[in-house]
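Hi,

Here is the structure I promised to pass on.

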Amino acid sequence: MRRRRFLRAAGAVLAAPALPAAAQAFLPRRDLAALVASVTGGATPSREGIALEVPALAENGNSVAFRVRVESPMTEADHVRAIHVLSERNPRERVALFHLGPASGRAEVTTRIRLAVGQRIAVVAALSGGRFRLAEAAVEVTAAACIDEGT
Amino acid sequence: MALGRIQVPARARRGEVVEARVLIRHAMETGFRREADGRAVPMNVVNTVTCRHAGREVFRAELGSGISANPYFAFWFRAEESGEVTVEWVDDAGERGVASARIEVS
């Protein structure tokens, strides 16, 4: 039954891309809301005046364009003190912490981040008055970081 | 591997908010990779990046393995006086690097 053999072989080829998905199952999904609460100390952050720019679909998890912008006059009296970048499914949940201040002039940071798998990420801005702002976004990743020979 | 650079505008007006761009050459080893013979490659990432201008810290980043290899940052600062804008960084192995760029403020 040559046809059956062919089907089996074709099936094996088609099933192969599913393997990374099995590897992804080892990265549990964290509760992003709890992570955010650990930063804000339980205070409810506002979702206004903060923008997170990440691609909806990233081809390579090793380098994903990231930009966060917070509306703030950045004066001594009213500025963004810090911006926390939190991951739902990376092996380490804290991606980065940026410290800013009045000398920054503008609360905007651009970088490139690693994503182990497709996931949601959250940015929390801590304001000088003790309040917080939150933005979240989901990124799908076609080729993941941290699995295999990621650079 | 303590190579890196910072770019800022050559000129600015006093008080103008300008962009700085920093690029550091570093593998940002996650600690999850293995050599071909199975030995784990130890984690070694640039864990702190600090930028100073006119005697003040204008930007500081605390980083982990979630930042891409050859880390890149763009951020803003208020140009206060002519002089150097300096960025310093250190990795988990204690290796330090520094780079600076000059800005003329009028």
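A term before the rest: two strands pair if DSSP finds at least two bridges between them. Strands themselves are DSSP runs (E, at least two residues), numbered from the N terminus. Bear in mind that this is a predicted model, where local features need pLDDT of at least 70, side-chain atom pairs count only at pLDDT 80 or more, and totals for chains, interfaces and linings use all residues. Residues are numbered from 1 along each chain as its sequence is written, while chains are lettered from A and ligands numbered from 1 in the order in which they are written.

Start inside chain A. β1(A) is joined by four bridges to β3 (residues 64-70) of chain A, and the two run antiparallel. Within that pair, Ala51(A) has Arg69(A) as its bridge partner.

Both strands belong to an open sheet of six, with antiparallel pairing and the order β1(A)-β3(A)-β6(A)-β6(B)-β3(B)-β1(B). At its edges sit β1 (50-53) of chain A and β1 (3-7) of chain B, each pairing on one side only.

Now for the interface. 27 residues of chain A are in contact with 25 of chain B (C-beta atoms, placed from the backbone, within 7 Å). On the chain A side, β5 (94-99) and β6 (107-113) are the elements that give two or more residues.

Cheers

Note on methods:
Contact = placed C-beta atoms within 7 Å.
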